[in-house]
Amino acid sequence: MKYQIEGTPLPVAICQLEAGEAMITERGSMSWMSANMKMETTSNGGVGKALGRMFAGEALFQNRYTAQGGPGIIAFASSFPGSILPVEIQPGRELIVQKSGFLASETGVQLSIFFQKKLGAGFFGGEGFIMQKLSGRGMAFLEIDGCVKEYQLGPGEAMVVDTGYLAAMDATCSMEIVTVDGVKNMLFGGEGLFNTVVRGPGKIILQSMPVSAVAGAISRVLPASK
C-alpha cells in the first residue's frame, strides 16, 4: 500500500492498493474510490470486539475495502479541520488514541477498547475513561484536531497537558490527573481545575485545536436561547 496526504485544513489520505490489498475504516469515512474496490461490512473480530469499539467511540461495524482485479484507489477525508497523521503499528509498539481518532488502516491493525487504569483519569481528564488501542501490524491513519506536535518522553519524564489536547500516546506511557496548584489559580486562572500529566517512556502526540475547545468558544458567542 502506498499513500499520500493532501490538502489543508481538511486533508485527505489517498491510498493506492495493489490487487488483493485491503483497508478497514469506520462507517462513513470513505470519501471516494476506484470502481474495482469491493466493500464488505464486518464486525472485524466478532461481537465482543465490535462492542468494545462502540464503547471507545467508534462504530459497531467496520467496512473492509479490497482492490479486485488490479490496483485500486481509495481516499479517506478528515471530518474536522486539522491533520491526518500516518502511524506505523507494530508488535510492541501499540498506540493509545483518543475517542474517534481512528480514521482508517491496513487490515493487519486491530482496534480495541482501552480502559484507563486510574479512575480519576477518566472522570476528570477530558480524554475519557475509555480510549482506543491500536495493535497488530500495519499503517494506520489518525484524525488530529488542528496541527500535530510530537514529543519523545524519557523514562519518568512528564508533560502537563490541558484537557483535550492529548491525541495519542505510546502504550508505554501512563497518564494521571492532578489538580491545579492554588485556590486562586483554580478559581481565576481560566484553565479549569485539573490537568493531565503524561509520563514516559514513549512518544506523545498533541493536537492544537480539540473539538471540545472549539465547541466551547462557539457556545460563548452564540445568543442565549429564549
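**Before selecting anything**

Residues are numbered from 1 along each chain as its sequence is written, and side-chain values use heavy atoms, with hydrogens and water left out. Because the model is predicted, local features need pLDDT of at least 70 and side-chain atom pairs count only at pLDDT 80 or more, while totals for chains, interfaces and linings use all residues.

**Whole chain**

Show the protein chain as a cartoon. It contains 4 helices and 19 strands; these are DSSP runs numbered from the N terminus, helices being H or I with at least four residues and strands being E with at least two. Of the 226 residues, 42% count as buried, where buried means under 20% relative accessible area, exposed means over 50%, and partly exposed lies in between (1.4 Å probe, protein chains only). Switch to a surface: the accessible surface of the protein chain is about 11,600 Å², and 58% of this belongs to carbon and sulfur atoms. Accessible areas come from the Shrake-Rupley method with a 1.4 Å probe, and for residues only the protein chains shown count as cover. Among contacts between residues at least 6 apart in sequence, 77% join residues at least 24 apart; contact means heavy atoms within 4.5 Å.

**The six-stranded sheet**

Select β11, β12, β9, β16, β19 and β14. In the order β11-β12-β9-β16-β19-β14, these 6 strands form an open sheet with antiparallel pairing. Two strands pair if DSSP finds at least two bridges between them. The edges are β11 (109-115) and β14 (148-153), each with a single partner strand, so one side of each has no neighbour in the sheet. Neighbouring strands are turned by 25° against each other on average, direction ignored; axes are lines fitted to C-alpha atoms, for helices over the stretch in contact, and angles run from 0 to 180 degrees between N-to-C directions.

Keep β9 and β16 in view. They run antiparallel and are joined by 3 bridges, and Ile96 stands opposite Met169 in β16. Next pick Asp170, in strand β16 (residues 166-170). Leaving aside neighbours within four places in sequence, Asp170 is in contact with Glu94, Leu95, Gly202 and Lys203. Its C-alpha atom is 8.7 Å from that of Gly200, which is 30 residues apart from Asp170 in sequence.

From Gly200, step to Pro201: a cis peptide bond joins the two, with omega about 15°. Pro201 lies in the loop between β18 (194-199) and β19 (202-207).

A cis peptide bond also joins Thr8 and Pro9, with omega about 5°. Pro9 is in the loop between β1 (2-6) and β2 (12-17).

Now select Ser100, in the loop between β9 (95-97) and β10 (102-106). Ser100 is not a glycine, yet its phi is positive, about 65°. The residue is partly exposed, with a relative accessible area of 40%.

**The three-stranded sheet**

Select β15, β18 and β17. They make an open sheet of 3 strands in the order β15-β18-β17, paired antiparallel. β15 (158-161) and β17 (174-179) are at the edges with a single partner strand each, so one side of each is left without a neighbour in the sheet. β17 and β18 pair over 6 bridges in the antiparallel sense; the bridge partner of Ile177 in β18 is Thr196.

**Phe80**

Phe80 sits in the loop between β7 (72-77) and β8 (82-89). Not counting residues up to four places away in sequence, Phe80 touches Pro9, Leu10, Glu143, Asp145, Met209, Val211 and Val214. The C-alpha atoms of Phe80 and Ile144 are separated by 8.4 Å, at 64 residues apart along the chain.

**Rings**

Rings of Phe, Tyr and Trp (its six-membered ring) pair if their centres lie within 6.5 Å; planes under 30 degrees apart count as stacked, over 60 as edge-to-face and the rest as tilted. By this rule there is 1 aromatic pair. Select Tyr3 and Phe141: the ring centres are 5.2 Å apart and the planes are at 80°, so the pair is edge-to-face. Tyr3 is in strand β1 and Phe141 in strand β13 (residues 138-145), 138 residues apart. Tyr3 is partly exposed at 35% relative accessible area, whereas Phe141 is buried at 0%.

Finish at Lys149, whose charged end sits over the ring of Tyr151, 5.4 Å from its centre. The rule requires NZ of Lys or CZ of Arg within 6 Å of the ring centre and within 35 degrees of the ring normal.
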